[in-house]
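I opened the notebook to look at packing in one chain.

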Amino acid sequence: MATLTVQDVMTRDVTSIVRDLTVDIALQMMLEHEVRRLPVLGEDDRLIGIITQAQAQLALPRGSTYYSASPLEDVPLVRDVMTVNVFTVGPDEPVVRAARLMLGQHIGALPVVEDRKVVGIVTESDLFETLVDLLEKAPNA
């Protein structure tokens, strides 16, 4: 059996955000695109961080809801809450390495990067779908 690589299972159409937008906009983007995290891009579209749904929700001012934040001046910027030390993988790395890294670091996704530019993202859902596909194809499944 050939070794599965990250590019075999990753999501290629990645929704991202820039650091100078507010977290309520990040949450709205996550809702619209049905994702739970957004890579944060800096100059030259290079990865500089990641913001999760949980981080964004916790950063909203008290009394705000997921769908409607309080007045704009009370809402922090993405750069104020994003994770800057982001674990990443390359597209040619084995899927098992990505899965082990996600398990070991207790994270739900890894941006897939080439030359610090995001070319995809591998998520728990991507890995779970791959597992189900493999099990369905296995003899005696």
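Which residues are buried in α6? I first noted the ground rules: this is a predicted model, with local features needing pLDDT of at least 70 and side-chain atom pairs counting only at pLDDT 80 or more, while totals for chains, interfaces and linings use all residues. Residues are numbered from 1 along each chain as its sequence is written, and side-chain values use heavy atoms, leaving out hydrogens and water.

**Entry: α6**

I found Asp126, Leu127 and Thr130 buried in α6. Buried is under 20% relative accessible area, exposed is over 50%, and partly exposed lies in between (1.4 Å probe, protein chains only). I took helices (H or I, at least four residues) and strands (E, at least two) as DSSP runs, numbered from the N terminus.

Looking down the axis of α6, I saw its buried residues fall within an arc of 95°, so they line one face of the helix. The arc is that of the directions from the helix axis to the C-beta atoms. On the face turned away from the buried side of α6 I listed the exposed residues Phe128, Glu129 and Glu136.

I then asked what the buried residues of α6 pack against. They pack against α1 (6–9), α5 (95–105) and β5 (117–123). Contact here is heavy atoms within 4.5 Å.

I looked up Leu127 in helix α6. It counts as buried because its relative accessibility is 16%. Leaving aside neighbours within four places in sequence, Leu127 contacts Val9, Val95, Ala99, Met102 and Val122. I also checked a pair 107 residues apart along the chain: the C-alpha atoms of Leu127 and Asp20 are separated by 31 Å.

Thr130 is also in α6, which covers residues 124–137. Its relative accessibility is 13%, so Thr130 counts as buried. Not counting residues up to four places away in sequence, Thr130 touches Leu4 and Val9.

**Entry: the cores**

I took a nonpolar core as a set of buried Ala, Val, Leu, Ile, Met, Phe, Trp, Tyr and Cys residues joined through side-chain atoms within 4.5 Å. The largest has 16 residues, of which Ile17, Val23, Ala26, Leu38, Val40, Ile51 and Val78 touch the most other members. Two or more residues each come from α2 (23–33), β2 (37–41), α3 (53–59) and α4 (78–81). I noted that α2 gives the most, with 5 residues.

Beyond four places in sequence, Leu38 touches Thr15, Ser16, Ile17, Ala26, Met29, Met30, Gly49, Ile50 and Ile51. I then logged a second, separate core of 12 residues, including Met10, Ala98, Leu110 and Val112.
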